[in-house]
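I opened this notebook to record what I looked up in the structure, entry by entry. The sequence and the model come first.

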Amino acid sequence: MAFFLAVACIYIISLAVLVLLEASRRSRAGKGDRLPPGSLGLPFVGETLQLYSMSPKAFFSSRLEKYGEVFKTHVLGCPCVILASPEAAKMVLVSQAHLFKPTFPPSKERMIGPHALFFHEGDYHLRLRRLVQGWLGPDALRALVPDVEAAVASTLGWWEGRVASTFHTMKRLTFDVGVVTIFGGRLAEHVKEELRRNYFVVEKGYNSFPIAVPWTRYSRAIKARQRLGAIMSGILSARRAGGHLGDDLLGALMRYCDDGGAALSDDQVADNVIGVLFAAQDTTASALTWILKFLHDHPKLLEAVKAEQMAAYEENDSGRLPLTWAQTRAMPVTHLVILESLRMASIVTFTFREAVEDVYYQGFKIPKGWKVMPLFSSIHHSPKFFEDPQRFNPARFKVTPRPGTFLPFGSGVHACPGNDLAKLEMLVLIHRLVTTYRWDVIGSSDAVTYSPFPVPKRGLQARLRRAPPTATVSAATAAAAAPEQEEGARGREHPGASRTTKQRAQS
Ligand code: HEM
């Protein structure tokens, strides 16, 4: 009897141990080895076709609704985890940034140049970033105001009297500002033209399918990139021969030495110049285009902005004196419009990183080598952080958004060092535009295309015409008017908010 009791006890204890072990294994698996919900799609292609057949916004929001703020997918040949909450974005970009590295497809890295700072981490990245940031900081920008004003005047002068794509016109402006920021005023006109011509071929190739067979955009872009390298070599040699490297970003890159006294190679300098031009151009041009659209669609708000800008115009002897840095820092209504445009348009919809080891987040595993994509646009359009998020309402920025919920320029070690320059371009352009011109939007501007940044359909076709400056209301009235601008808005919902480009094109 005692024997049977002992066997039964051993049996029950063993069973209990086994049950406990299994429970512990399951609980560990539950905590760590579970991949986020979502679909990896078809073998090889994953969900890439779905991504391309919809707008990125529609692709991501349909999955967000189904799976929540952390989900997996497989696009452009890579398994990815999409992260759509401020906490997750902070984890990837700031608090656990060491577990993720910047990652770009090799074809794109080749096009810009592998030494560009945004492909790197650690000491090389940190030092170059500090250098670039110094040339885009307040002191440098204060000195740059007249150059930005001249570039704005020249761009709008070109546009005056003709119908053109706002986006392409703004690209002319942002290229010119990029060039003057990097090269100072020292680039001969014919060299600048050569640079422009080849740069635009490279840019087209960057956004095309990467097949390096003759006559494709991609292979033409590779050749243009080689020519850009040669143009940069010529510029560097001329500066060295002239004995003056220059008081500009290029000069600073040429003088740079690391702790061991090693200078940058010519390739490293060229890749970083092209990298900065690239990071600066389409992003800012897209933001400027949206600002013109939003101002056009909200006439009351346009009046408020105009009143604020007219005050500066009159202070400057009816525009005869140049705009000053101090004036650009004191345009509160215009600044609110810029912030709301950046939120609504969310130019950089998401960014990419790659997990350098297995990472665990909220009970899910992000396997080593997988891409992670913090999704800025869905944070900017979440009703949890922005009330009535599809409504264009600059007044909401009178209250600072919750930390981590407004990330138009990213966050952490790779956050945009050019954000103040971009804002300066926006302020100066708006000043000149509303004090001197009117613009008529031609055709529908409601659909959105991605190139790769969101832009109104056909780049927002518009005609620019000169209009005599007229003071309307005082700046104080303007500031008071901003929150009430909703009345009389020509379109309230952000066009990309709920319908795809295709659906809009059909309607
Ligand atoms: C509205 C205009 C702009 C927007 C929305 C924008 C947005 C961004 C974002 C989101 C990032 C971070 C990307 C990431 O974390 O992966 C970034 C990085 C960067 N941006 Fe901008 N940007 C703008 C204009 C500019 C301008 C005018 C410049 C330079 C003149 C510039 C230069 C850079 C550079 C060099 C980086 C890489 C920084 C690093 O890796 O450390 N950007 N930008």
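Which element gives the largest share of the shell around the ligand? I found that this share comes from α12, with six residues. I note that the model is predicted. In total, 25 residues surround the ligand. I listed the closest as Phe-118, Ala-279, Gly-410, Cys-416 and Gly-418. Two or more shell residues are given by each of α6 (122–135), α12 (266–297) and α17 (419–436).

Entry two, the protein chain as a whole. I looked up the secondary structure and found 19 helices and 12 strands. The chain has 507 residues, of which 39% count as buried. I also looked up the contacts between residues at least 6 apart in sequence, and 76% of these join residues at least 24 apart.

Entry three, a pair of helices. I took α13 (residues 299–315) and α15 (residues 332–345), whose axes come within 8 Å. How are α13 and α15 oriented to each other? The axes cross at roughly 135°, and the two helices are therefore oblique to each other. On the α13 side of the contact I recorded Leu-301, Ala-304, Val-305, Glu-308 and Gln-309. These residues meet Val-333, Thr-334 and Val-337 in α15. By class, the residues of this contact divide into five nonpolar, two polar and one charged.

Definitions and conventions: Residues numbered from 1 in each chain as written. Predicted model: local features only at pLDDT ≥ 70, side-chain atom pairs only at ≥ 80, totals over all residues. Near = placed C-beta within 6 Å. Helix = DSSP H or I, 4+ residues; strand = E, 2+ residues; numbered from the N terminus. Buried ≥ 20, exposed ≤ 12 C-beta atoms within 10 Å, placed from the backbone. Contact = placed C-beta atoms within 7 Å. Axes fitted to C-alpha atoms, helices over the stretch in contact; angles between N-to-C directions. Parallel < 35°, antiparallel > 145°, perpendicular 65-115°, else oblique. Nonpolar A, V, L, I, M, F, W, Y, C, P; charged D, E, K, R; others polar.
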